[in-house]
Amino acid sequence: MKPLMEINNLTTRFHTQDGTVNAVNGISYTLNHGEILGVVGESGCGKSVHALSIMRLVQIPPGEIAAGEVFFDGRDLLKLSEKDMRTVRGHEIAMVFQDPMSSLNPVYTIGFQISEALILHKNMNKRQAKERTIELLNLVGIPEARKRFDNFPHQFSGGMRQRAMIAMALSCEPKLLIADEPTTALDVTIQAQIINLVIRLQQELGMSVMWITHDLGIVAEMVHRINVMYAGLIIERGLVDDIYNHTLHPYTMGLLGSLPSIDEAPGTKLISIPGLPPDLVDLPSGCPFFARCTYREERCAKERPQLENGPEEGHSVACWRWREIQKMGIS
Amino acid sequence: MTEKSPVMDDLTDFAVREHRSLWLDAWRCLIANRTAMVGLVVVAIFVLSSVGAHFFWNYDAEMDLDYGSKLLAPVLRVSEESPEIHIFGTDKLGRDIFRRVVHGGWNSLRVGLVAVSISLFVGSILGLFAGFFESADLNRFEKTLLMVGIGLGLGALPAWIARQPIQSLLFGLLGIVSVSTPSFLANRSRLRRLAFGLLGMLIGALAGIFVGPMVALVCGVIGLGIGLLLAKPVNGKVFSNIVMRVMDVILSFPSYLLAIAIVAFLGPGLEKGMIAIGVVGIPIYARLARSAVLSVTQKEYVLAAQSVGEGHGRILFRHILPNILSPIIVQATMGLANAILSAAALGFLGLGAIPPEPEWGAMLGDSYKYLSSGAWWAVLFPGLAIMFSVLGFNLLGDGLRDALDPKMRV
């Protein structure tokens, strides 16, 4: 079966006063039908920008999608006209954003905002849109949806707003839902509810989901595959089990190592990766992780490693020394 | 609970709160504010009295003249020498000041309202577009609209000089052409500039055939300039810059001076005064609206609206506009006070209302000479009317600012 989305060499830059920021530097991957893909990496590694590039919502200028192809259902999104792209947005790809506090318009009721998309894309009339909206609010687990329809965003709690956002994103039954750190602004119990909700909806509706996060702990239990990003590049990707149990890239190891564990004795210091990510204006020509890597050698500074197939099916890594690391059996 | 959620019931303990709208909320906050209520009452008294007087209390300014009772001090009781009651006294022509103050209110409020509407409407629209296109790029339709607007607007100048309105239309057409440039000119900016400059000059010099060589020369030069401007490719940022720099130029004049200059150009009269005060106030609203738009555009709900596929117009008017309304409403209320004051200033200088017409500023201007002979009532009452109306609007505006401030809300 053909994948739902195939991205080739996607490159996005921002031309700023301090120089050109290379936010996404030629990433390629595929996303299958009905798959949940996790995109992980620390802040500023290009996770969100790459998602916005797929939707073509990067502000131009200063942004620029410099190169690449995004085949979605057989069409290259980057070549579509703005008008066609508008029907793709919401209709075929929908997005949920990080901050539920500011992603709903405070002057309109929740119901109005959700039904607006339905009226816009599905040509429904007001009554139909209202009924469908109430169904959607029920679907995302908002109690007494009919009463809640006329509520304003400030009458909703953070978790409920995020549910409303998800309802809005799902309103037109998209084939792909991009969730850009949707649980970061929520507390842990609500996080779990939202994650369970998305998993359930994904199974019920059969859509694909791209879950962007910096928290490897979250993705472990929900996604099928993971892309690990660093400095605008995918440095390791593969099935969840392979990434967790047969980690190959030193950066991924660092990320996994820095997760707090529940068995640790109180007072144990949290492990962190030393150093800072490289300056995206002036990327090193070698491996971008060179400066912070404990396994580095001379070659890493000079040549940038490309993604190559690892030991398992579908597991790739961009590191010169992954074979040695695998033999050392560190993880 | 018929619609129990299928997944979880843990949110049901959230009591469904009372349904309140934004404006109802603001209204409650306003009522609770005592100073704002004082302002509201003062404003209401002025509005009701002047509207009531205009419709139900006949007053013919042209015929109001009674030399027999000129400059009478306030009379509260009918007596031998004054057969009528004049609670505010009379002025140099023996006109009842109370009557003129009440009727003058109609004029002052009208000036305020119309002037503020002009600045509010033009300023907010300009600011809205300037702020929005600062970051969003113009699409083809918007570009065409903009270029035609520039062509028509600037083309009005040579058209006015040569008295040929068709020139303005021709420049508008040139604007359309500039958006849909033929492909062979697309990558040759020099050739493009040359072509548009020549075309502009030609359109301008057209006047020569009908009017005269001197006019043709002047209009030709102006046309050249417009042509060169239209040849420049515009984007949203350039547009925003042009609008805001024009606003800066207007702001750089002292406002009263500019208003006086505009009235001097248009000729005196209440309506001209409204236009003058309105134009002077445009930049305030443009700046306010632009800054508010800039901050609202950064909000995630705008991105969310884009991500469900909404277009420019919908985002601008349905999502951004309602969210910048509250500072603009506050500014408009305060602006009313300002406009009343400006109208009074113009009237005082004899540039506002034309004489027998009652207007507070003009009444002051008429009567201040008699202050030295002891006629304090002739200036006190119109002056108090100006003061209290301005105070009322300012207090109301302050209250509105608190009521509409989202930070004050829980």
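## Chain B at a glance

Of the 410 residues in chain B, 44% are buried. The structure is a predicted model. Chain B is built with 16 helices and zero strands.

## Helix packing in chain B

Two packed helices are described by the angle between their axes and the distance between the axes. Helix α3 (residues 97–133) of chain B packs on helix α12 (residues 270–297) of chain B at an angle of about 35°. Their axes are 5 Å apart. The crossing of α3(B) and α12(B) is right-handed. The residues of this contact include 25 nonpolar ones, with ten polar and two charged.

Helix α15 (residues 360–367) of chain B is mostly covered, with eight of its eight residues buried. The buried residues run from B:Trp360, B:Gly361, B:Ala362 and B:Met363 to B:Leu364, B:Gly365, B:Asp366 and B:Ser367. A charged residue, B:Asp366, is therefore among those buried in α15(B).

## Where the chains meet

The contact between the chains takes 40 residues from chain A and 30 residues from chain B. On the side of chain B that touches chain A, α13 (300–307) and α14 (312–348) of chain B each supply at least two residues. Helix α13(B) gives the largest share of that side, six residues. By class, the side of chain B that touches chain A holds twelve nonpolar, eleven polar and seven charged residues.

In soluble globular proteins, nonpolar side chains tend to be buried together. Here the largest nonpolar core has 202 residues. Its largest share, 18 residues, comes from α14(B). The residues with the most contacts inside the core are in chain A: A:Ala164, A:Ala167 and A:Met210.

What does A:Ala167 touch, leaving aside its neighbours within four places in sequence? Its contacts are A:Ile114, A:Leu136, A:Leu137, A:Leu139 and A:Val140.

## The four-stranded sheet of chain A

Chain A has an open sheet of four strands, in the order β2-β1-β4-β5, with antiparallel pairing. Strands β2 (19–31) and β5 of chain A stand at the edges. Each has a single partner strand, so one side of each is left without a neighbour in the sheet.

Strand β1 (residues 5–16) of chain A is joined to strand β4 (residues 63–72) of chain A by eight bridges. One pairing puts A:Ile7 with A:Val70 in β4(A). Two bridges then join β4(A) to strand β5 (residues 75–76) of chain A, again antiparallel. The bridge partner of A:Phe71 is A:Asp76, and that of A:Phe72 is A:Arg75. The hairpin of β4(A) and β5(A) has two residues between the strands. In it, A:Asp73 takes a positive phi near 55°.

## The eight-stranded sheet of chain A

Eight strands of chain A form a further open sheet, in the order β6-β7-β8-β3-β9-β10-β12-β11, with mixed pairing. The edge strands are β6 (93–96) and β11 (308–309) of chain A, each pairing on one side only. Helix α6 (residues 158–170) of chain A packs on this sheet and touches β6 and β7 (176–180) of chain A. The direction of α6(A) makes about 170° with that of β6(A).

Which strand of the sheet is largely enclosed? Strand β10 (residues 233–239) of chain A has six of its seven residues buried, so the rest of the structure largely encloses it. Strand β9 (residues 225–230) of chain A runs antiparallel to β10(A), joined by six bridges. Across this pair, A:Ile226 stands opposite A:Gly238. β9(A) and β10(A) form a hairpin with two residues between them. A:Ala231, in the turn, has a positive phi of about 50°.

On to β12(A): two bridges join it to β10(A) in the antiparallel sense. Strand β12 (residues 316–317) of chain A also pairs antiparallel with β11(A), over two bridges. A:Val317 in β12(A) stands opposite A:Glu236, and also opposite A:Glu308.

Methods. Residues are numbered from 1 along each chain as its sequence is written. Chains are lettered from A and ligands numbered from 1 in the order in which they are written. This is a predicted model: local features need pLDDT of at least 70, side-chain atom pairs count only at pLDDT 80 or more; totals for chains, interfaces and linings use all residues. Two strands pair if DSSP finds at least two bridges between them. Two residues are in contact if their C-beta atoms, placed from the backbone, lie within 7 Å. Axes are lines fitted to C-alpha atoms, for helices over the stretch in contact, and angles run from 0 to 180 degrees between N-to-C directions. A residue is buried if 20 or more other C-beta atoms lie within 10 Å of its own, exposed if 12 or fewer, and partly exposed in between; C-beta atoms are placed from the backbone. A crossing is left-handed if the near helix is turned anticlockwise from the far one by less than a right angle, and right-handed if clockwise. A nonpolar core is a set of buried Ala, Val, Leu, Ile, Met, Phe, Trp, Tyr and Cys residues joined through C-beta atoms within 7 Å.
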